[in-house]
Every structure is written in structure tokens, then in C-alpha cells.
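Please look over the notes below with the model open.

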Amino acid sequence: MTAPSQSPMAGACDPGFELIHADEDLLVLNKPAGLLCVPGLGPDKQDCLSRRVQQVWPHARIVHRLDMVTSGLVLMAVHAQSQRELGWLFERRLIRKQYIALVHGRPQSEGPDPLQGEIRLPIRIDWLNRPRSIVDPALGRPSHTRWQFEGEGPWPGTSRLVLEPLTGRTHQLRLHLSAIGHPIVGDPLYGPPACEPGPCRVMLHAHTLWFDHPRTRQPSHFVAPVPF
């Protein structure tokens, strides 16, 4: 992992976000569930991760996003050149991401190993029911998710999965799991209509990032502990 330079947060009060790593090119942050990555529409949606970070790093720029309901690792660039280079890595799928999710039921693959599999279902925005996305074989964009069973979940009838999105469509993980009959626990868009007995959030967390640092080209690996 790249060695961090001295952070401008040293000695500062709580900035309203958790910093995992900082250097002269990039920031790695642990976003809580319920916080937007960027400002939304309306005065009640102006508080977000990017604005909190920019109070400390004024020139920090978003490189990618997580859904508001998803917690976990977010990369931000410290300057324009780093934003371009990190964006290039994302476009070419050279940044590997893994998520942890709790889902309803227990998926079983039809492949050689029933405890791991792949989901390939084309996705598009459901323009009549935004912010939902839908599976559409005719008009959807190719979408690919790998999953692996990690064990039983904390509530009866739930499972813990490791997920790796190989494409980056809107709501891809949430929709893919719902489409195979195993929606993420607590998901109000793609899960069961009844209230969940235990969780008060969508049980999806961006857990791990791997990539080559854009300046040093050294392998970098970051982890945000799973909060559930």
C-alpha cells in the first residue's frame, strides 16, 4: 500500500468522515450508509461526502460513487491529473472491488461449485419508475457480477455473500441479486415489501479495493471493516 504523506487532518476536529488513507494524489474514505457521495437536488440533499472532504482538501474530486444506502470505500482524487488517471483505471476495469452483502435465502450455482457463481443480466434505468433499474434483454447494457457464499447470515433465512462487480451499472448488485431471487436484506427498492425484523439499513458494504497507484504504480490494497 502506498505510504501516506502528512495529512492536513492532523490535529483537526472530527471532519464528519472516516479517512482510510491519504497521500499527495488520492484519498480513500469509508462512507457511512445514508450519506450521499455528491450533492443531490434540493436543500435537504446538500450534505454529502464530497463536500465534507472538500472542507479539508478543497480541490478533492469524486472519481466514482456509491449509492446513498451503501457504506464502504470511496476513492477521491486530490488533483485533476489524479482524477484523470483514476478514471482511466476505472474505465478499463483495472480497479478491483469487493462488497459484502447479507441476502435473503441461500444462492446455489449451477456450475461446478454451488457456493460461487456469476450473474450476467443486462440492465437499464427504469425511466418510468426512477430511481429503479430493471433487467432488459433487449435494451439493457451488459452487466456482470461474481458472487461467493461466505456463511449463514445473522437472521434466519439469510446468507452472507462476497460480491465482485465486473461492470459498474446503476444498482447492479442490488438488482442482480433480486433478479435471481435473493435480494439484499433491507433493500426498499428491490427487496420484499414487508419491513425487515432486524436491520435498519441496506446490508451492502464496499469492503475492499485493489489497484496500482497512479503515481508509483505500486499495488495498493484497502479494506473497510464490515459494520454488520
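1. Contact here means heavy atoms within 4.5 Å. Threonine 70, leaving aside neighbours within four places in sequence, is in contact with Lys31, Pro32, Ala33, Tyr99, Arg201, Leu204, His205 and Ala206. Threonine 70 lies in the loop between β3 (61–62) and β4; helices (H or I, at least four residues) and strands (E, at least two) are DSSP runs, numbered from the N terminus. Its relative accessible area is 2%, so threonine 70 is buried (buried is under 20% relative accessible area, exposed over 50%, partly exposed in between; 1.4 Å probe, protein chains only).

2. On provenance: this is a predicted model, in which local features need pLDDT of at least 70 and side-chain atom pairs count only at pLDDT 80 or more, while totals for chains, interfaces and linings use all residues. Residues are numbered from 1 along each chain as its sequence is written, and side-chain values use heavy atoms, with hydrogens and water left out.

3. Which residues touch the most other members of the largest nonpolar core? They are Leu27, Val53, Trp57, Leu163, Ile184 and Leu204, in a core of 36 residues. A nonpolar core is a set of buried Ala, Val, Leu, Ile, Met, Phe, Trp, Tyr and Cys residues joined through side-chain atoms within 4.5 Å. Two or more residues each come from β2 (26–31), α1 (49–54), β4 (71–77), β5, β9 (144–152), β10 (158–165), α3 (172–179) and β11. The most come from β5, which gives five residues.

4. A second, separate core has 14 residues, including Val63, Leu86, Leu209 and Phe211. In soluble globular proteins, nonpolar side chains tend to be buried together.

5. Not counting residues up to four places away in sequence, isoleucine 184 touches Ala101, Leu102, Val103, His104, Leu173, Arg174, Leu177, Val202, Met203 and Leu204.

6. Arginine 93 is in the loop between α2 (80–91) and β5 (96–104), and arginine 217 is in the loop between β11 (204–212) and β12 (219–223). Arginine 93 counts as exposed because its relative accessibility is 56%; arginine 217, at 54%, also counts as exposed.

7. The peptide bond from arginine 130 to proline 131 is cis, with omega near 15°. Proline 131 sits in the loop between β7 (123–125) and β8 (133–135). Most residues other than glycine have a negative phi, and most peptide bonds are trans.
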